[in-house]
Amino acid sequence: MKKYTLLLIALLAFIFISGCDKIDPPYVNTPGDNGGGEEELVQKVLLEDYTGHTCVNCPAAAKLAGDLKQLYGEKLIIMAVHAGYFAEVESPPFDLDLRTQTGNSWNADFGVISYPSGMINRGFFGDRRVVGKGDWAPRVATAVGIDPKAGIEIETTYNESDRKLEIKIDSRFLENTNENYFLQVCLLEDSIPGAQRNNDASVGDTPTITDYFHRHVLRKGVNGNYGEAVTAGAIVANENYTHEYSLNLNADYKAKHCSVIAFLYRTSDNEILQVEERHILE
Amino acid sequence: MRKVFSIVFLLSFFYSYSQDFIEKAQVNGSFQLDGQYYHADNAIGINDSTIDGRKLGLNGFGNISYTLGKFSAGVRYEAFLTPIAGFDPLQQGNGVPYMWASYQSDFIGVTVGNFYEQFGNGLILRTYEEWTLGYDNSLNGMKLVIRPATGITVKAVYGSQRYYWQKFENGNRGIVRGLDAEIDLNSTIKGWESAPIRVIFGASGVSKYQKDSDPLFNLPENVSAFAGRMNLSAGKFNFATEYANKINDPSAINNFIYKEGQAVLSSLSFSQPGLGVVLQLKRVDNMSFKSDRGVDGNALDINFLPPINRTHSYSLAARYPYATQPNGEMGMQFQLNYKIPKGSKLGGKYGTGVAVNFSQVNDIVRNPINDTTPVNSQGTLGYESDFFKVSDHIFFRDLNIEINKKFSRKWKAVVQYMNLYYDIATIEGHAGEEPVKANIGLVDVTYNISNRNSLRLELQGLFTEQDDGDWAAAMLEYTIAPTWFFTIADQYNYGHPDKSQQNHYYAFSLGYVKQASRIALTYGRQSEGVICIGGVCRQVPASSGLTISLSTSF
């Protein structure tokens, strides 16, 4: 029996020791130069954060999104979509309604049922499109590493006197394609003050952060819930496709915190090819 | 001639083997279909947009196994088209997620394909399937069991875990490897066979591999856990304990902290005819162990942290079930079962059963690792925790007393009282909500009209000032043994703070049982709630409509 016992101990020790990666500090990687160039065409990534003000785990997810933004700079664009059960209006201080028709539609159509959840360029990684925050970082890393196939330029003109916002989007593809691509344009507002449920003391007060700032909030789908076709015919490489929009900024929105994001997506699978953001007062 | 002889020999061999393959084999199977047809019911908040076109949910499976001597094999077919409300939408799909082949002898057992396994109490490895929860974390790989000597069992496993219908490829989740050894000293050591004390030792190690592709954190790609266990029994006493330790395993569940995890589970019991006493203690600290560090739902768990609370079966008593908190909890349970003897004053003609159960689970104490880092900050060691200190924060407490009495050949009854404390903010994530403090009482009376016909009446009350307020429930069941049963039931949330939500949840059921087949139909409403099995829970949304359940086995 002694030899069996020794053999078993040796086997256990082998599995235990060979299967261990004990990590020493620092545990967090240092941000590198990931800001993206001014001139060159770079692949940008859209992280959609489905959230709500009574969702206790959402502030930690928003912080994670912020950490990724710090790491990837302008290569990463964040859009917080307030939708679902946790975004419903309740008694004060949770009486702020940040839901939108567009956000509600995406929430239902993409089958978001738990919060926080996210989509990275609305792409499938395995057979999951909507994922928990634990999967955001590696998926963003993968999406950022893809060679760009299209570019977007946004021009905005904002008139403070009548709060009129003019938007011009130029889209350019690097290759000819017969696939259908749509352009979606959205209006975002950053740093909206309000209350937020929270269970992570490292992010803020628990159970409620009363002076929370809701970041990168989707305010409106400028050209509907699913945008419009880039062109009626086949897409030709290096041709500029221009779309123009005009809207009046809601009186409650702070123009200095508003931005326009535009993304091109393939209609066959909804995957986003390229995304761009521009602050309206830039 | 030689060729003809060879063909005849082969044919005869194949024929005789085929005969064995069919005649000496045993085939078993079981099938189940659960279906729900939904309709709008505005009174309980269900409208056409809630149903969203999915008027019919159907969950079904079929298990077939084949055994020939020491060889066995099997498959399980599943179809969730579309899944019943409350099941994860990722369940939607159909196919054969479970197939296996196995050879078992006295010395060795080998299984290839999908399998379930548990080391000890499961603190570092348990794979299992729970149909009611829609939970299946089976391993797909190989399992080897060797019994090198009497009383010694060694198990080795490796594979990837099931994640709904997602195929394992390109490292989209981790790989699990494990080894377990158990020695029964009384069977192994000569002369100990009839010793008054029986001793079993066990040890196990489990390692998972998952590639680090995270740009933010420097993550361990190989995470190991180790556990040791012991079981001592002497006469009417039994003592069992297991300790587990896991190295740094930052994940979505623990907010990407690098603290080691540990768990301990101990149980002391005494048992003799008419009396049973059990005391259990548990401490869990950062012990979520999944084969995908990014997954934060009920999936891909490598280990299992057993609950030490009573599982209630009556509807209102089960309304607030406890869900295991893998990030940290300290719990105890005391259970006393006593049968007041027949013929005594209290025992009467048939005796009286008394069961007293008390359990409480608190949080662990978490102290900051330094003056500047808040507790549980991601990318740090998280916190420090004194092993023996219990936090004042109570997650769950349940004191219940049950008396079971048979009065005559016609009458019997169960009476139960339960006092409950339920931290709904922690257990269900309803931050800011007050803990539920409830008193629950119930009576269950059965009257046997004749040998085949019986009536059973359940009356329950749940009284609380928190959450949805007071509830009352009644259920009447008529059984024609052994084939038919009919029930009419209602749960009434008469104490809901919002009067518009003081709803009745009525249901009418009938069932038919014949041999190993059972069909049940229910029409009515189902209240929103939580269902937990083994501390693993899923939300059950309110619904209204027709439910069918059909099962059979052979």
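Me: How many of the residues lining the second largest cavity are charged?

Reply: This is a predicted model, where local features need pLDDT of at least 70 and side-chain atom pairs count only at pLDDT 80 or more, while totals for chains, interfaces and linings use all residues. Residues are numbered from 1 along each chain as its sequence is written, chains are lettered from A and ligands numbered from 1 in the order written, and side-chain values use heavy atoms, without hydrogens and water. The lining of the second largest cavity has 1 nonpolar and 2 polar residues (Ala, Val, Leu, Ile, Met, Phe, Trp, Tyr, Cys and Pro are nonpolar, Asp, Glu, Lys and Arg charged, the others polar). Its charged residues number 5.

Me: How much space lies in that second largest cavity?

Reply: A cavity is a set of points on a 1 Å grid over the protein atoms alone where a 1.4 Å probe fits but cannot get out, and lining residues have an atom within 4 Å of a point. Here the lining includes K208(B), F289(B) and R293(B). The space in the second largest cavity is about 30 Å³.

Me: Which strand gives the largest share of the lining of the largest cavity?

Reply: Start with the volume of the largest cavity, about 130 Å³. Among the residues closest to its centre are Q91(B), Y135(B) and R162(B). The largest share, 3 residues, comes from strand 3 of chain B.

Me: Which strands stand at the edges of the open sheet in chain A?

Reply: This sheet has 3 strands in the order 4-5-11, paired antiparallel (two strands pair if DSSP finds at least two bridges between them).

Me: How many bridges join strand 5 to strand 11 in chain A?

Reply: Strand 5 covers residues 164–173 and runs antiparallel to strand 11. As one place to look, S171(A) stands opposite Y241(A) in strand 11. The number of bridges joining strands 5 and 11 is 9.

Me: What percentage of the residues in chain B are buried?

Reply: The C-alpha atoms of chain B fill a box of roughly 90 × 70 × 60 Å, taken along the principal axes. Buried means under 20% relative accessible area, with a 1.4 Å probe and protein chains only. Of the 554 residues in chain B, the buried ones make up 48%.

Definitions and conventions: On a 1 Å grid over the protein atoms alone, a cavity is a set of points where a 1.4 Å probe fits but cannot get out, and a pocket is an open set with protein on both sides within 12 Å along at least five of seven lines; lining residues have an atom within 4 Å of a point. Grid points are joined across faces, edges and corners, and a volume is the space filled by probe spheres set on the points. Helices (H or I, at least four residues) and strands (E, at least two) are DSSP runs, numbered from the N terminus. Buried means under 20% relative accessible area, exposed over 50%, partly exposed in between (1.4 Å probe, protein chains only).
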